[in-house]
Amino acid sequence: MEDKNTVKNYMALEEEYSSLKKSKVVVVQVPYDKTATYIKGTVNGPGAIIDASKKLELFDEELNQETYKIGIHTADPLPVQDLLPEAMVDKVYTSTMELLKANKFPVILGGEHSLSIGSVRAFKEIYPDLSVLHLDAHYDMRDEYFGSKFNHGCVARRISEMCSIVQTGMRSLSKEEKDFLSSQANGKVKAVNVYDILEMPLWKDTISHSLSEHVYVSIDLDVFDPSLVPAVGTPEPGGIGWYETLDLLREVSKDRKIAGFDVVELCPIKGQVSSDFLAAKLIYRLLGYIFPAKK
Ligand SMILES: [Mn+2]
C-alpha cells in the first residue's frame, strides 16, 4: 500500500474510488496568488487542503454515509503559477468546461478568489439559468483593484456581469462598492451581510429562495470568523460559524441543484492546521449534502 503522506489525492482514496473514469467528482487545484493584496501564500492553499483531507474520516458522522463512494478524483494542479490573472482565469475556464462536458462535478480549490471568474463563465454556458451563492467577508464588488479587473477584490463584480449573485457573510465594504450596490437595487445582486443575518431569523430561507435552480457556490474561507479560520489572506473580525454555515449549505442543497463549487483563499499557517482541516471537512460535508446516499 502506498504511504498516505505521499499520496496527492483528496482523502488519499484508493484507485477504486478516485480514478477519473469512476469518479463523479473532480477536484481541481489552482495554486495561484499573483493579485493578493495583503498576505501572500494562497498559492499553497490547495496542497494544504489535500494534505489535511487525508486525516478525514471516510464516514460522515452527520450524514451517516460514506460520501467518497461517489468517486472523488484529484486532478494534477493546474500549471498557472506564472501566468497573468487573465490567463489563469482562462485556464480555469477551459478546465472547468472540459469537466462539465464530461458530466463531472467540479470542486475547485484556490488559490485566490479571482479563479471563480473562469469557473463561473463555464458553468453559465452549461447552465443558462445559473446563479451564484457567494460566501465571503468581503463584497469583492470593486470594478478594478490595483490596476486589474481580475484582482481577487473584483471577483463578485465580474460574476454579477455574467449572472445573478447572492452574497452573504460580508462585513467589510469600500465606498465605491457601497455606491455600486446602491445603484443595483432590484438588479442581479442580492446581499445578505452579517448585520442582516443578526436581524433576520430566516436569513437562510431568504438566500435559498433568491437563487435559481442551478447554483454554483463560491466559498471564500474568510467568511468564517478568524478565531475559526485564521489562515486567510485578508482576515476580518466577526465572521460566521461552522454550524450556521453548514445549516445554510444544507438548506440550499435541498432546495436547489448545486452544480459545482469552489473553496478559495486558504493561506496556510505553518504548524497551525485547523483552518486547512476545516476546509477539507467543509468540502466533504458539502459533497455529502449534494450527493445524499440512497437509503
Ligand atoms: Mn474575502
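**A walk from the sheet to its helices**

Start by selecting strand β5 (residues 164-168) and β6: the two run parallel and are joined by 4 bridges. Two strands count as paired if DSSP finds at least two bridges between them. Helices (H or I, at least four residues) and strands (E, at least two) are DSSP runs, numbered from the N terminus. Click on Val 166 and look across to Lys 190, its bridge partner in β6.

A word on what you're looking at. This is a predicted model, where local features need pLDDT of at least 70, side-chain atom pairs count only at pLDDT 80 or more, and totals for chains, interfaces and linings use all residues. Residues are numbered from 1 along each chain as its sequence is written.

**The whole sheet**

Now bring up the other strands. You get an open sheet of 8 strands with parallel pairing, in the order β2-β1-β3-β8-β7-β4-β5-β6. β2 (72-74) and β6 (189-192) are the edge strands, each pairing on one side only. From one strand to the next the twist averages 20°. For angles like this, axes are lines fitted to C-alpha atoms (for helices over the stretch in contact), and angles run from 0 to 180 degrees between N-to-C directions.

**Into β3**

Next, select β3. How many of its residues are buried? It's 6 of the 6, so β3 is largely enclosed by the rest of the structure. Buried means that 20 or more other C-beta atoms lie within 10 Å of a residue's own; 12 or fewer makes it exposed, anything in between partly exposed, and C-beta atoms are placed from the backbone. In a regular strand the side chains alternate between the two faces of the sheet. Here Phe 105, Val 107 and Leu 109 are buried on one side, and Pro 106, Ile 108 and Gly 110 on the other.

β3 pairs with β1 in the parallel sense over 6 bridges, with Phe 105 as the bridge partner of Val 25. It is also joined to strand β8 (residues 257-264), again parallel, by 3 bridges. Show Leu 109 and you'll find it opposite Val 263 in β8.

**Helix α1 on top of the strands**

Select α1, which lies across β1 (25-30), β2 and β3 (105-110) and runs at about 115° to β3. Since 8 of the 9 residues of α1 are buried, it is largely enclosed by the rest of the structure. What covers those buried residues includes β1, β2, β3 and α9.

Helix α1 (residues 45-53) and helix α9 (residues 274-290) pack at about 75°, with their axes 8 Å apart. Ala 48, Ile 49, Asp 51, Ala 52 and Ser 53 in α1 meet Asp 276, Phe 277, Ala 279 and Ala 280 in α9. Residues are in contact if their C-beta atoms, placed from the backbone, lie within 7 Å.

**Last stop: Pro 230**

Jump to Pro 230, in the loop between β7 (214-220) and α8. Buried or partly exposed? Partly exposed, with 15 other C-beta atoms within 10 Å. Leaving aside neighbours within four places in sequence, Pro 230 is in contact with Pro 235, Ile 269, Gln 272 and Ser 275.

How values were computed: Contact = placed C-beta atoms within 7 Å.
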